[in-house]
Each structure stands twice: as C-alpha cells, then as structure tokens.
Amino acid sequence: MSKATVKKLHWRSKVQESFVPLGGASRELGVAIGGGADYGEFPFVTAAPGGGATVGDIILEIGGTPVLGLTLGDVRGVLNSCPHPIRIKTVLPGSTLCKDLRLYLSKCFTPGSMDSQLQQVIRENLYLRAVPCK
C-alpha cells in the first residue's frame, strides 16, 4: 500500500464522550486530573476508579466547557461546579495532539481548520490568567 493511499484519521474523529460517576458512599468524583496550563500541559486523566474515562486521555471539555489552556486549579473548579453526573469529552493523545501544550501551540495549521480553531480557544483560555506588565 502506498503512502498516498494511507490516510490517518484526524484526532477529532477519536473524541470520546463519557460520564464521570460519583464514587460510592464517599460521593467523591470518579476521576482525578493532572496537567494544566500552569504545567505547560493539556489537562489529562490521572486516575479513573469509577470508570467513564481512560487514564492518560486528554480532557477537551467538562460539562460543555472547553478546558484546554486552563490552569489545573481552574479545570478542577469547572469539574467541581458541574451537575452530576459530569459529562466529559476526552481523546487519546497522539502525534498531533499530545500532552505538551507548548508544542501544540507552536505548530502551524491551516486557518479555519479544527486545529487552528482549537489553538484559538486555548489562547483565549490562557489569556484569562495573563497579567499585563509594562
């Protein structure tokens, strides 16, 4: 099979939507997260004892709110403020969309493409925490 006939699926086609349950009698969330813009990473799942998500997956949205480009504290705030069960959208990291936020922002994409639009959302979220200085 030639290289011209093999076409990779875009990461957007691999997005999974799931619900995060509350865990047992403790009523804790069934997912733990890491990363965040303050660490130069996309938010990602670090533990999922309640199921509904896969460890290592990048978290795109929580309860309909895009969280890429937010700090870890802000992502946790969104997670804790959502009604239960919480709907999340995740994607398995790959070559284009890996955990490294800085690497993704440094790439050039066609204007108007899904990746270009995602970069804009990330920048808007990053600017929420930017402090202007003179």
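The structure is a predicted model, in which local features need pLDDT of at least 70 and side-chain atom pairs count only at pLDDT 80 or more, while totals for chains, interfaces and linings use all residues. Residues are numbered from 1 along each chain as its sequence is written, and side-chain values use heavy atoms, with hydrogens and water left out.

**Aromatic rings**

- A pair of aromatic rings is described by the distance of the centres and the angle of the planes.
- The structure holds two aromatic pairs; rings of Phe, Tyr and Trp (its six-membered ring) pair if their centres lie within 6.5 Å, and planes under 30 degrees apart count as stacked, over 60 as edge-to-face and the rest as tilted.
- The ring centres of F42 and Y104 are 5.7 Å apart and the planes meet at 65°, so this pair is edge-to-face.
- This pair links distant parts of the chain, 62 residues apart: F42 lies in the loop between strand 4 (32-34) and strand 5 (44-47), and Y104 lies in helix 2 (residues 101-106).
- Helices (H or I, at least four residues) and strands (E, at least two) are DSSP runs, numbered from the N terminus.
- Y104 also pairs with F109 in a tilted arrangement, with 5.4 Å centre to centre and 40° between the planes.
- F42, Y104 and F109 form one aromatic cluster.

**Burial within the cluster**

- Both F42 and Y104 are buried (under 20% relative accessible area; exposed is over 50% and partly exposed in between, with a 1.4 Å probe and protein chains only).
- Y104 counts as buried because its relative accessibility is 0%.
- F109 counts as partly exposed because its relative accessibility is 22%.

**A charge over a ring**

- The charged end of K99 sits over the ring of F44, 4.1 Å from the ring centre; this requires NZ of Lys or CZ of Arg within 6 Å of the ring centre and within 35 degrees of the ring normal.

**Helix 3**

- The buried residues of helix 3 include D115, L118, Q119, I122 and N125.
- They cover an arc of only 125° around the axis, which puts them on the same side of helix 3; the arc is that of the directions from the helix axis to the C-beta atoms.
- The cover over the buried residues of helix 3 includes strand 7 (65-66) and helix 2.

**The loop residue T71**

- T71 is placed in the loop between strand 7 and helix 1 (72-81).
- At 18% relative accessibility, T71 counts as buried.
- Not counting residues up to four places away in sequence, T71 touches G36, A37, D38 and R129 (contact means heavy atoms within 4.5 Å).
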